[in-house]
Amino acid sequence: MSRPLVIHWFRQDLRLADNPALLAAANAGQVLPLYIFDDVDAGDHKMGAASRWWLHHSLSSLNTELNGRLQCFAGDAREIIARLVSQYSTVAIYWNRCYEPWRVEQDREIREQLQSLGVAAASFNGSLLWEPWENLKSDGTPYKVFTPFYQRGCLGAPAPRAPLPCPPSLELAPPNGGTVSELQLLPANPWHKKLGQAWHVGEQAAQARLKTFVSEILKDYETGRDFPAQQSVSRLSPHLHFGEISPNQAWHAATAISGSNQETFHKELAWREFSYSLLFHFPALPDNNWQPKFDAFPWRQDDEALHRWQRGQTGIPVVDAGMRELWETGYMHNRIRMVVASFLVKNLLIHWREGARWFWDCLVDADLANNSASWQWVAGCGADAAPYFRIFNPVTQGEKFDPDGSYTRRFVPELASLPDKYLFRPWQAPADLLDEAGVSLGQTYPHPIADLKASRESALAAFKSLGT
DNA sequence: TGAAATGTTGGGGCG
DNA sequence: ACGCCCCAACATTTC
């Protein structure tokens, strides 16, 4: 007498622990673990190359934990699910919700489809601490400012549920085709070699990182996170994005630490919630200015400058260090993300969407809500955004937050021999010092593509043209 | 989760 | 001793 067959549809929840839908499925019957690589409706936001690399390894790791039983397919989720439920005598399908606008719409269609087929569908919250439709102001509208969102919305709500256990017993359906490698997520040319040196992928690795973060790093988090040469940040973002770890696990692990560092980390998780709330309530967030008055902003088209920014050849050392960190590791330290974004949007006057698009392709933690909300935040057109006149000076930022230059020297090795004093502004270094350091501007390292003072002033003028 | 310009203050050098 | 200037160092304001 076999138990009923239930599909667990893995999406951005590639883990066994604290997985509400998987736990429910395991209680309901024999589980067919399913993953569908589906970009069909993603439009301009099809999964980027670095994310695909991560996904490949994350699925491989999950498949191992599932004793090789994970079934993977590529294509339209509506069709694949319809096929599977007719192929098997499935009684139910369970999943954890996603929040990309196109996925929300697709889920609605799949629910209708399943209903007409007489198959039960049940979705759960496995990715957020609070649902965007529950965390609202008292008048029923979504928060537009972070601080009240956090203070009243998050802290005023019931505490996030404690993490759930792994399914105590997981009876898996026999394998029936659909391997991870058939998804062909890895690129043909092996540019991704360096990613493997920078990351350990999968649920076990995510748990290990959380443990290290909480026990060794969190105590200095509030101040340490400003210094990109230290690894005093959580580096949990790709694990969170793919759901190798849940925000509940991160939130509760941090509560064991007392004081302001815990609060600071909780706030970062709340920024993630804020971004998801913005995306849910303003589905155009990835494409349109959240503040319409920015629609008239005089952005510049400059393909040469954009290309130099992408490749870390702007001639501004801190900017180039960040862009090269991104290229080499699929990641960039958060403070440096703000610096390079400010430089693109404010010094080069290139549209934030170009920056978002590049990050989308290069980041292993590319996340539609976080990426869209954060670019709009930097550009000044977002919700509770940095004021447009807050323009980072990459020289000052380097001197303040990379005082011994070790971050900049690591990723811009051709400047490694320059003394600290000129490392962040080689264009001002005396000729003999450059000679001595083996630097030849325009030859071994570019001249700066923008004058920081002059471009700052034109940015302020452009902003002024929008009126108030 | 800025930076630059402008304003204020106070110590020290010096006539 | 005193006033004056200079200029850090810090505070405020403006963009």
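This is a predicted model: local features need pLDDT of at least 70, side-chain atom pairs count only at pLDDT 80 or more; totals for chains, interfaces and linings use all residues.

Against which strands do the buried residues of helix 1 pack? They pack against strand 1, strand 2, strand 4 and strand 5 (120-124).

1. Helix 1. This helix covers residues 20-28, and its buried residues are P20, A21, L22, L23, A25 and A26. The partners of these buried residues are four strands, namely strand 1, strand 2, strand 4 and strand 5.

2. Helix 3. In helix 3 (residues 77-87), the residues A77, I81, L84 and V85 are buried. Viewed down the helix axis, the buried residues fall within an arc of 95°, so they line one face of helix 3. An α-helix has 3.6 residues a turn, so residues three or four places apart point the same way. R83, S86 and Q87 are exposed on the other side of helix 3. The packing partners of the buried residues of helix 3 are strand 1 (5-10), strand 2 (30-37), strand 4 (90-96) and helix 4 (101-117).

3. The nonpolar core. The largest nonpolar core contains 124 residues, of which I93, L279 and L363 touch the most other members. Helix 11 (residues 260-281) gives the largest share of this core, with eight residues. Apart from its neighbours within four places in sequence, I93 is in contact with I7, W9, I81, V85, L114, V119 and A121. Two of these contacts, I81 and V85, are also among the buried residues of helix 3. As a general remark, nonpolar side chains tend to be buried together in soluble globular proteins.

4. Overall form of chain A. Chain A has 21 helices and five strands. Its radius of gyration is 24 Å, close to the 23 Å that the globule rule gives for 468 residues, so chain A is as compact as a globular protein of that length. Taken along the principal axes, the box filled by the C-alpha atoms of chain A is roughly 85 × 50 × 45 Å. Of the 468 residues in chain A, 45% are buried. Where contacts in chain A join residues at least 6 apart in sequence, 77% of them are between residues at least 24 apart.

5. The surface near DNA strand B. Which residues are around DNA strand B? They are W271, R335, M338, A386, F389, R390, I391, F392, N393, T396 and Q397. By class, this surface has six nonpolar, three polar and two charged residues. Helix 14 (334-347) and helix 17 (394-401) each supply at least two residues of the surface near DNA strand B.

6. Residues with positive phi. Q184 is not a glycine, yet it has a positive phi of about 50°. Its place is the loop between helix 5 (146-154) and helix 6 (193-198). Q184 has 12 other C-beta atoms within 10 Å and is exposed, as the cut-off for exposed is 12 or fewer. L349, likewise not a glycine, has a positive phi of about 55°. This residue lies in the loop between helix 14 and helix 15 (352-362). With 19 other C-beta atoms within 10 Å, L349 is partly exposed.

7. L306 and its surroundings. L306 is part of helix 12 (residues 303-311). Is L306 buried or partly exposed? It counts as partly exposed, with 19 C-beta neighbours inside 10 Å, whereas 20 or more would be needed for a buried residue. Leaving aside neighbours within four places in sequence, L306 is in contact with I350 and E354. The C-alpha atoms of L306 and L348 are separated by 8.4 Å, and these residues are 42 apart along the chain.

8. Two aspartates in loops. D44 is in the loop between strand 2 and helix 2 (49-65). It counts as exposed, with 9 C-beta neighbours inside 10 Å. Although D44 and D287 are 243 residues apart along the chain, their C-alpha atoms are separated by 9.3 Å. D451 lies in the loop between helix 20 (431-436) and helix 21 (452-464). D451 is also exposed, with 12 other C-beta atoms within 10 Å. The C-alpha atoms of D451 and R111, which are 340 residues apart along the chain, are separated by 55 Å.

Note on methods: Residues are numbered from 1 along each chain as its sequence is written. Chains are lettered from A and ligands numbered from 1 in the order in which they are written. A residue is near a molecule or strand if its C-beta atom, placed from the backbone, lies within 6 Å of it. Ala, Val, Leu, Ile, Met, Phe, Trp, Tyr, Cys and Pro count as nonpolar, Asp, Glu, Lys and Arg as charged, and the others, Gly among them, as polar. The radius of gyration is taken over C-alpha atoms; the globule rule is 2.2 Å times the number of residues to the power 0.38. Two residues are in contact if their C-beta atoms, placed from the backbone, lie within 7 Å. The arc is that of the directions from the helix axis to the C-beta atoms. A nonpolar core is a set of buried Ala, Val, Leu, Ile, Met, Phe, Trp, Tyr and Cys residues joined through C-beta atoms within 7 Å.
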